[in-house]
Amino acid sequence: MATLAHNLTRTADEHIDRPAVRLDDQVLSYAELQVAAQRVTALLRARDIGPGDRVGLVLPNVPAYPVLFYGALAAGAVVVPMNPLLKAREVQFYLEDSGASIVFGWHAAVDESRKAAEAVGIDCVAVDPADFEDLLAEHEPATDVVDRKDDDTAVLLYTSGTTGQPKGAELTHANMLTNAAVTAETLVELTPDDVVMGCLPLFHCFGLTCGLNAAVSTGACLTLIPRFDPVKALEVIGRDQVTVFEGVPTMYAAMLNAPDSESYDVSSLRTCISGGAAMPVEVMKSFEETFSCMVLEGYGLSETAPVASFNRPDMERKPGSIGVPVRGVEMRVLDDDGKDVDAGEVGEIAIRGENVMKGYWNKPEATEEAIPDGWFRSGDIAKQDDDGYFFIVDRKKDLIIRGGYNVYPREVEEVLYEHEAVAEAAVIGIDHPELGEEIGLAVALKPDAEATEDELRDFAKERLAAYKYPRHVWIVDELPKGPTGKILRREVSPPDAVSSTDADSTAGR
């Protein structure tokens, strides 16, 4: 039975000496990656950890990550990825909820993982490059891979928990194998000669599937950046001759606005893909013009392993669209009653296919709510055109209702990204005694750019219907972001000086 771990063993046999993972001067060949992973399998077996047991990983993007990841999978274990920036209390929740048997913590932040492990009563293994190889060398490589069924859970990936505590999405071997294959074969068209930029966190599904698993499935090289920095990313593209860049929109914007961005050699790039959040059309256009590389935008969620739709390289590309469903996936746009809406009408995206999770870990009611009829309800609002392309309007929970009118933050943000001084924008709803909600806008400006709040408000007012433009505008140094760099609207709040009863707030009811 093929598993994610078999991906590595097959590729290592075919491309034994090719570079698999790189972090600056540290390079692991596929043979070295496989042997190191086999030692991890042996280490786990020595601790009686095997099929179905959960193994926590609290590491940044370092070569030890794929070593531990594939080693745990070969043992038949379930991997529980975690952000290395989490505090002990947060790690403890993941460990307790998943029932993890062991956790591996990056040495620079291992104190938090160790406190959590002690509270739960399990072992915490510190991963320090200085002695990690010595630790593994204590164990002879375990060359066999435990068979697992297609619907056995491979990864327990916790969602961001925007509505309460995080839930663990059970992603099966079949979910992740097929999604990595679709990414590699039909979207990025990877070959063993490709070098993929690994700046997306491997503890996030986008980086794990489209970066690590897709690269390993084809024998490509994944070059890692532990924490995204736009200048470092531009330097690595030139140094390692990166051919495929994968990122979220804020990464593209940051690279565009990096000092002397046009001076870096990015001529090796052939494909860029964007996901994790809607990419502003102006950012996409500017990136393509500056770096002479086409950007393909797609869409997915942790619960869909993650890719659900994409602008494919062999089809017409529509800027602003998330493309069409990928191979093995179906998508629909539904109204509140679960019925299909007409083309051009707005509704919630529902997804069915080989990429949809088994369910939420130990949460049957939440699973039933999310997948009531075999179709996963995404919580994302979209519309579909006559050609079958999908266009995200906004998150269902981010919808602002102002005086009875629906206002979708992304539509307003798109307009602000057209302003030459705007680097990032986030639109939120602000409580209003008469209208229910008023439109608020937080903006971060490009380096050395200047713009006033009144100027930005007037810019939007000239381009949007009266009920849509933001009455409240404030300028910030930077916007709050999640671990992938996605702007977190839920953490944006207006300054105390913002009043909910502007004189202009009732205009355009």
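The legends below describe close-up views of a predicted model.

**View A. Negative surface patch around Glu 133.**
Six acidic residues form a negative surface patch: Asp 17, Glu 32, Asp 131, Glu 133, Asp 134 and Glu 138. One of them, Glu 133, belongs to helix H6, which covers residues 132-137. Glu 133 counts as exposed because its relative accessibility is 64%, above the 50% cut-off for that class.

**View B. Surroundings of Val 146.**
Val 146 sits in the loop that runs between H6 and strand E7 (153-158). The residue is buried, its relative accessible area being 18%. Leaving aside residues up to four places away in sequence, Val 146 touches Thr 3, Arg 45, Pro 51, Ala 74, Ala 75 and Gly 76. His 204 is 58 residues from Val 146 along the chain, and the C-alpha atoms of the two are separated by 25 Å.

**View C. Gln 38 in helix H2.**
Helix H2 spans residues 30-46 and contains Gln 38. With a relative accessibility of 13%, Gln 38 counts as buried. Its contacts, not counting residues up to four places away in sequence, are Glu 140, Pro 141, Ala 142 and Thr 143.

**View D. Salt bridge between Asp 123 and Arg 47.**
Across the whole structure, a search finds 29 salt bridges. In one of these, the side chains of Asp 123 and Arg 47 meet with an N to O distance of 3.1 Å. Asp 123 lies in strand E6 (residues 123-127) and Arg 47 in the loop between H2 and strand E3 (54-58), so the pair ties together parts that are 76 residues apart in sequence. Asp 123 is partly exposed, at 43% relative accessible area. Arg 47 also counts as partly exposed, at 35% relative accessibility.

**View E. Salt bridge between Glu 424 and Lys 481.**
The side chains of Glu 424 and Lys 481 meet in a salt bridge of 3.1 Å, N to O. Because Glu 424 is in strand E23 (residues 422-432) and Lys 481 is in the segment after strand E25 (472-476), the pair ties together parts that are 57 residues apart in sequence. Glu 424 counts as buried at 12% relative accessibility, whereas Lys 481 counts as partly exposed at 32%.

Arg 457 forms a salt bridge with Asp 454, and the closest N and O atoms are 2.7 Å apart. Both residues belong to helix H14 (residues 453-461), where Arg 457 and Asp 454 are three residues apart, about one turn of the helix. An α-helix has 3.6 residues a turn, so residues three or four places apart point the same way. Arg 457 is buried, with 18% relative accessible area.

**View G. Salt-bridge network of five residues.**
Arg 22, Asp 24, Lys 232, Arg 239 and Asp 240 are linked in a network of salt bridges.

**View H. Helix H10 and its packing partners.**
Helix H10, residues 249-256, is mostly covered, with seven of its eight residues buried. The buried residues are Pro 249, Thr 250, Met 251, Tyr 252, Ala 253, Met 255 and Leu 256. The helices they pack against are H9 (230-240) and H11 (281-291). Strands E11 (244-247), E12 (271-274), E13 (295-300) and E23 also pack against the buried residues of H10.

**View I. Cis peptide bond at Pro 306.**
The peptide bond that joins Ala 305 and Pro 306 is cis, with omega about -5°. Pro 306 lies in the loop between E13 and strand E14 (307-310).

Most residues other than glycine have a negative phi, and most peptide bonds are trans. Asp 260 is not a glycine, yet has a positive phi of about 55°. Asp 260 is placed in the loop between H10 and E12 and is exposed, with a relative accessible area of 61%. Asn 362, also a residue other than glycine, has a positive phi near 55°. The loop that holds Asn 362 runs between strand E18 (359-360) and helix H12 (364-370). At 61% relative accessibility, Asn 362 counts as exposed.

Terms used: Residues numbered from 1 in each chain as written. Predicted model: local features only at pLDDT ≥ 70, side-chain atom pairs only at ≥ 80, totals over all residues. Heavy atoms only, no water. Patch = residues over 30% accessible without salt bridge, like charges linked within 9 Å, V, L, I, M, F, W, Y side chains within 5 Å. Areas by Shrake-Rupley, 256 points an atom, 1.4 Å probe, with all protein chains shown as cover. Salt bridge = Lys/Arg side-chain N within 4 Å of Asp/Glu carboxyl O. Lys, Arg positive; Asp, Glu negative; His and termini not counted. Charge placed at Lys NZ, Arg CZ, Asp CG, Glu CD. Helix = DSSP H or I, 4+ residues; strand = E, 2+ residues; numbered from the N terminus. Buried < 20%, exposed > 50% of the residue type's maximum accessible area, 1.4 Å probe, protein only. Contact = heavy atoms within 4.5 Å.
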